[in-house]
Number of protein chains: 2
Amino acid sequence: MTDATHSPDAKAPDRVTAQDVARLAGVSQSAVSRVFTPGASASKATTAKVRAAAEQLGYRPNVLARSLITGRTRIIGLVVAYLENQFYPVALELLSRALQAKGYHVLVFMASNATEGVSEVMAELLDYQVDGIITASVAMTNDLTTRCDAAGIPVVMFNRGQADPRLSEVTSDNIAGGHAAACHLIATGHRRIAHVMGWQGASTGRDRAQGFSNALADAGLAPVAMIDGMFSRDTAAQATRDLFGAPFDSGDRPDAVFVGNDHMAFAVMDVLRFELGLDVPGEVSVVGYDDVPLASWPAYDLTTIRQPVRRMVDATVDLILGQIEGDHDPHTIRIDGTLIQRGSVRDRNNHKDKDR
Amino acid sequence: MTDATHSPDAKAPDRVTAQDVARLAGVSQSAVSRVFTPGASASKATTAKVRAAAEQLGYRPNVLARSLITGRTRIIGLVVAYLENQFYPVALELLSRALQAKGYHVLVFMASNATEGVSEVMAELLDYQVDGIITASVAMTNDLTTRCDAAGIPVVMFNRGQADPRLSEVTSDNIAGGHAAACHLIATGHRRIAHVMGWQGASTGRDRAQGFSNALADAGLAPVAMIDGMFSRDTAAQATRDLFGAPFDSGDRPDAVFVGNDHMAFAVMDVLRFELGLDVPGEVSVVGYDDVPLASWPAYDLTTIRQPVRRMVDATVDLILGQIEGDHDPHTIRIDGTLIQRGSVRDRNNHKDKDR
DNA sequence: TTGAAAGCGCTAACAC
DNA sequence: GTGTTAGCGCTTTCAA
């Protein structure tokens, strides 16, 4: 364990360079370069010689040196605030795979939600000469946008919108989604509906709340409560206690909760069932947002608005690669979500009298 | 939406170089370099002038150009197979933050479990001249190890072991963990214990099974069954059906299951409760492995062996940075896990007669 | 098609 | 302490 099993002082194992290959193949270094450059021209003979020599030496071009010239790193910076909400690891995995398939790779930057942290992180991102930036669950400040714009680095916001016309964004139609959730609850006979909202500092949180409110208003209903759950499990749990913990006159208690995302919805269900002893969906119906894998597990079996991650990811990849290729116009892409009906909502239309 | 809001043809926004700063500050380009190089010396006066000029121009050194000379990219390649199991996103987040704090960044590579895929991915990794590689839930082949070794790139395996003495690894003590799980089950009066194992192609899966077997043997017990759950939710679910689905003579049914990780344990519990109508822990006790966040949520409230992710991550980061700094000896680090008792195990010692 | 030569943006000797 | 010089490993004119 104390001696190296390999050569005694294997310090700098001197990379194999194109020069080395050239020497062995008996051609110029530029010939080697051409063989490894997609668009370039080289005779069959040279190509063969070079490939053979490269193989023998285990040569592979240094991407970084190449980048210095071409100005392209094929690295996409991904800024993410937290991976606790299952939606993001799933998106990250898909994003990474999709980009990988196109010859790009993802450099991950974790940001605290604090603006300051994001700013620092963005600066580092630019230092790496990334070809583009994808932000997920992170807000761009005006200053940041300006800096990226100045550096000519395209930015695509994933699952978050911003009023800035310089920014591209990919989201689901959150207003429609919030609307659909509310309509479903109304249609299934609920009348005392509360909303534990997604973080109101984020467009997603706001839009879903907005759609929800609109639908209720259209039906002549007022929400029992609208509480900001901050996309946090703890905050949502506390909101649920506040909402349901107080003693109720019969019929005053909410009969349904629409929650700003699945991650919080799980917390809401946990508190409802295990702290307050309320039956879901028997006494309270719950609707979430996202349709993360866990939502379909029988322990939760959560009715929710599905965000089509795969399609959102594809759109994001197309967008960012398009911008890298030179399409400098920002685009706003909105992808339709769908209501996924599961077991956390009870149809109360035919059981108005049965209260248990 | 069709016209760019910014300057009409903002094609290549020409990076600000050290040369530009030098000109503005009235110093040489190398002076600028020194000001931005940690170890270098520059007079107060120059430093001030340079910083001012840099600020004014928005200059930041090009990390890649620097890397070309120093041979250090401050990029760590992370190879991961799947982020579905919550353990990995958590680890990824911690890993990324820890590395970020030390000035490094994580380039993510998703690998299919197939060896071939890993190999391709590794090659790309080397192309980027990463300073080190961390693999999580991925196996290294002999050839791969040789290649990394030849390139002088340190590799640390996270949460997986390998017999190869050239490789460093950080795991929890899985044998001890499996042993502890079994002992707990035995101590709480279980006698018909099954094991839905972690993937037997992985050291973690094997070691946990081994510890489990040992403990049972020591107690003079034989496992009711040992089934490979492949670390997959579906496979584990099917194993559970096979195990409990058949009609049993009274007392033949397993009274406890130890599952190779939490991710599978959730599947086992779901099938037990919602498909087979068995009460956990009333009729069957379940123990998992990892202690992912979800394990503590009341819907599962899973007794499990905690893998101290934070400490494992810290060890991994120390290890890889140490190797980058020149410590070329591989290390094997094993971190103790702890049994976390929750509600998925029932003490059957005082209720031997009560079978409901 | 191919080689020679000029650099990409930077660091690291080396003299001054 | 500072400027000068020589590259890091590669792509890309430019002639040949």
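How much area do domain 2 of chain A and domain 3 of chain A bury between them, and what share of it is on carbon and sulfur atoms? I began my notebook with this question.

**Entry 1: ground rules.** I noted that this is a predicted model, in which local features need pLDDT of at least 70 and side-chain atom pairs count only at pLDDT 80 or more, while totals for chains, interfaces and linings use all residues. Residues are numbered from 1 along each chain as its sequence is written, chains are lettered from A and ligands numbered from 1 in the order in which they are written, and side-chain values use heavy atoms, with hydrogens and water left out.

**Entry 2: the domains of chain A.** I looked up the division of chain A and found domain 1 (4-61), domain 2 (73-173 + 309-336) and domain 3 (174-307 + 340-353), with bounds that come from an automatic or database domain assignment. For the contact (heavy atoms within 4.5 Å), domain 2 of chain A gives 14 residues and domain 3 of chain A gives 18 residues.

My opening question has this answer: the two domains bury about 1300 Å², with 44% of it on carbon and sulfur atoms, where buried area is the accessible area (1.4 Å probe) that two parts lose on being put together, summed over both. In domain 2 of chain A, the residues that lose the most area to domain 3 of chain A are A:Gln86, A:Arg160 and A:Asp173, together 37% of what that side buries.

I then looked for salt bridges (a side-chain nitrogen of Lys or Arg within 4 Å of a carboxyl oxygen of Asp or Glu), and the count between these two domains is zero.

**Entry 3: DNA strand C.** I turned to the residues near the strand, meaning those with a heavy atom within 4 Å of it. There are 26 residues around DNA strand C, and A:Arg34, A:Thr46, B:Ala18, B:Ser33 and B:Arg66 come nearest.
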